[in-house]
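Open the model in your viewer and get ready to select residues by number. We'll go from stop to stop, and at each one I'll tell you what to pick and what is there.

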Amino acid sequence: MAKSLKVGVIGVGSISEMHLKSYKNNPHAELYAVCDQNEARAKAVADKYGAAKVYGDYRALLADPQLDAVSICTWNSTHAEISIAALNAGKHVLTEKPLCLTVEEALAVQEAVRSSGRMLQVGFVRRYDPNAQLLRRFAEHGEFGDIYYAKASILRRLGNPGGWFADVRRSGGGPLIDIGVHVVDLCWYLMGKPKVVSVSGNTYNKLGNRSNVKGLSFYKASDYDASLNTVEDLANALIRFDNGASLYVDVSFTLHIEKDESSAKLFGTKGGFEVIPEMKIVTEKHDTILNVTPQTDHPGFDFNAAFQAEIDHFVDSVLNGTEPISPVEDGVEIMKILCGVYQSAREGREVRFDGEAERA
Ligand SMILES: NC(=O)c1ccc[n+]([C@@H]2O[C@H](COP(=O)([O-])OP(=O)(O)OC[C@H]3O[C@@H](n4cnc5c(N)ncnc54)[C@H](O)[C@@H]3O)[C@@H](O)[C@H]2O)c1
């Protein structure tokens with residue numbers, strides 16, 4: 001790889017830092033431009049990371065012929081619009097999760113990828129965790145047999161990030177679309193991406209954002225504002241696949257729970273495994289149950305390593321013209337699941353995708 005990729009980062013709030021520093025660490029990328037509608041923020045970030053160009057309007061950034069690719073780290077409601085504009089301007093795109101807000105938007109982004117001939121990678125960062133890749137290799141080699149059940153949770157006792165995250169028009173929802181997306185995607189990916197046939201879900205708005213609680217800190221939007229909250233505080237869902245496998249997930253921004261909990265466990269006919277919070281494998285040999293712990297430097301999730309791997313993969317995929325491991329099609333499938341859960345919760349029934357009669 002001789003060429004250096006000139007990249008721009010659009011939206012330089014909280015999570016952009018992971019993109020910015022990972023591009024700086026990549027020898028084949030040049031962090032060329034940054035953009036934020038908050039121009040003072042964009043300028044400060046450009047100074048900190050040594051980006052040559054600063055923009056307040058993403059359209060001006062996309063018109064820059066020098067630019068090859070962008071990371072999109074803006075509100076969820078802008079991902080589709082900016083992705084389509086970037087692809088049509090001939091830029092490759094890494095967009096933060098979720099891909100967008102609706103299935104219709106997701107299909108429009110997919111069409112823009114096809115018509116532009118450019119690449120789009122969805123920022124499903126959990127896939128890029130080296131432990132997830134290790135366990136995926138084991139799964140692909142049949143170590144776990146048929147994976148028929150998965151169960152994942154990200155339960156925050158206090159963690160509504162406020163601002164746009166809490167405004168359903170800009171976020172698309174609460175913990176399901178914000179953090180549930182990570183574990184739904186991770187489990188689906190590790191299960192071998194079976195076709196979803198139905199979802200059944202519930203959402204609850206019982207506790208509000210609990211901005212009254214004192215003494216505990218949590219992740220916040222750059223422009224934190226607790227005055228608006230139109231998103232759920234708890235969601236759960238049962239997702240069925242065409243191979244008979246199922247995935248159960250529950251996620252919260254706030255819940256009366258003793259402490260935060262995160263887990264992702266998958267169960268197959270020959271073995272089971274945990275990927276969150278730490279890697280574990282459970283199997284049976286010679287009439288004996290074995291609990292096996294793979295030995296790596298980071299048995300738990302290493303946010304920095306996963307982000308660096310995601311950015312390195314994006315740069316490699318663009319420079320080599322190869323398909324990313326989280327292509328736009330996967331973003332579309334995950335939007336079907338997430339939007340299906342919200343629809344199911346609204347309508348109080350299972351939502352089916354296989355054309356069969358819907359169950360009341
Ligand atoms: N992968 C992860 O683990 C992870 C973690 C947190 C957030 N995210 C995702 O990253 C995105 C950003 O989240 P955040 O926490 O950084 O939010 P944030 O509010 O801290 O930052 C968003 C930034 O985008 C800017 N922005 C919004 N619309 C814009 C537009 N049209 N043009 C230019 N700038 C615009 C805002 O001014 C702000 O600076 C979201 O999609 C979120 O879901 C991913």
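A word on names before you click: helices (H or I, at least four residues) and strands (E, at least two) are DSSP runs, numbered from the N terminus. Residues are numbered from 1 along each chain as its sequence is written. Keep in mind that this is a predicted model, where local features need pLDDT of at least 70, side-chain atom pairs count only at pLDDT 80 or more, and totals for chains, interfaces and linings use all residues, while side-chain values use heavy atoms, with hydrogens and water left out.

**Stop 1: the sheet**

Color the strands. Six of them form an open sheet with parallel pairing, in the order S3-S2-S1-S4-S5-S6. Two strands pair if DSSP finds at least two bridges between them. Now find the edges: S3 (53-55) and S6 each pair on one side only. From one strand to the next, the twist averages 20 degrees. (Axes are lines fitted to C-alpha atoms, for helices over the stretch in contact, and angles run from 0 to 180 degrees between N-to-C directions.)

Zoom in on S1 and S2 (residues 29-35), which pair in the parallel sense over six bridges. Pick Gly8, and you'll find its bridge partner, Ala33, in S2. Next, show H9, which packs on the sheet and touches S1, S2, S4, S5 and S6. Contact here means heavy atoms within 4.5 Å. The direction of H9 makes about 160 degrees with that of S5.

**Stop 2**

On the H1 side, the contact is made by Met18, His19, Lys21, Ser22, Tyr23 and Asn25. From H9, select residues including Phe303, Phe307, Ile311 and Phe314. An α-helix has 3.6 residues a turn, so residues three or four places apart point the same way. By class, this contact of H1 with H9 has seven nonpolar, five polar and two charged residues. (Ala, Val, Leu, Ile, Met, Phe, Trp, Tyr, Cys and Pro count as nonpolar, Asp, Glu, Lys and Arg as charged, and the others, Gly among them, as polar.)

**Stop 3: a covered helix**

Which residues of H4 (residues 79-88) are buried? Select His79, Ala80, Ile82, Ser83, Ala86 and Leu87 to see them. Buried means under 20% relative accessible area, exposed over 50%, and partly exposed in between (1.4 Å probe, protein chains only). The cover over these H4 residues includes S1 (5-10), H3 (58-62), S4 (69-72), S5, H5 and S6 (120-123). Just after H4, click on Gly90, which takes a positive phi of about 85 degrees.

**Stop 4: salt bridges**

Side chains of opposite charge can pair when their charged atoms come close. Here a salt bridge is a side-chain nitrogen of Lys or Arg within 4 Å of a carboxyl oxygen of Asp or Glu, and the count comes to 19.

Start with Lys48 and Glu17, whose side chains meet at 3.6 Å, N to O. Lys48 sits in H2 (residues 39-49) and Glu17 in H1, 31 residues apart. Lys48 is exposed at 58% relative accessibility, and Glu17 is partly exposed at 35%.

Then jump to Arg127 and Asp185, with their closest N and O atoms 2.6 Å apart. Arg127 lies in the loop between S6 and H6 (130-140) and Asp185 in H8 (residues 175-190), so the pair ties together parts 58 residues apart in sequence. Buried or exposed? Arg127 is buried, at 0% relative accessible area, and so is Asp185, at 1%.

Asp167 and Arg169 also form a salt bridge, at 3.1 Å. Asp167 is buried at 2%, whereas Arg169 is exposed at 63%. To finish this stop, select Arg127, Asp185, Lys193 and Asp330 together: salt bridges that share partners join them into one network.

**Stop 5**

Pick Pro98, in the loop between S5 (92-96) and H5 (103-116). The peptide bond from Lys97 to Pro98 is cis, with omega near -15 degrees. Another cis bond runs from Ile276 to Pro277, with omega near 0 degrees; Pro277 is in the loop between S12 (271-276) and S13 (280-285).

Last, look at the loop between S13 and S14 (288-292), where you'll find His286. Its phi is near 50 degrees, a positive value in a residue other than glycine. Asp287, in the loop between S13 and S14, has a positive phi too, near 60 degrees. His286 is exposed at 73%, and Asp287 is exposed at 77%.
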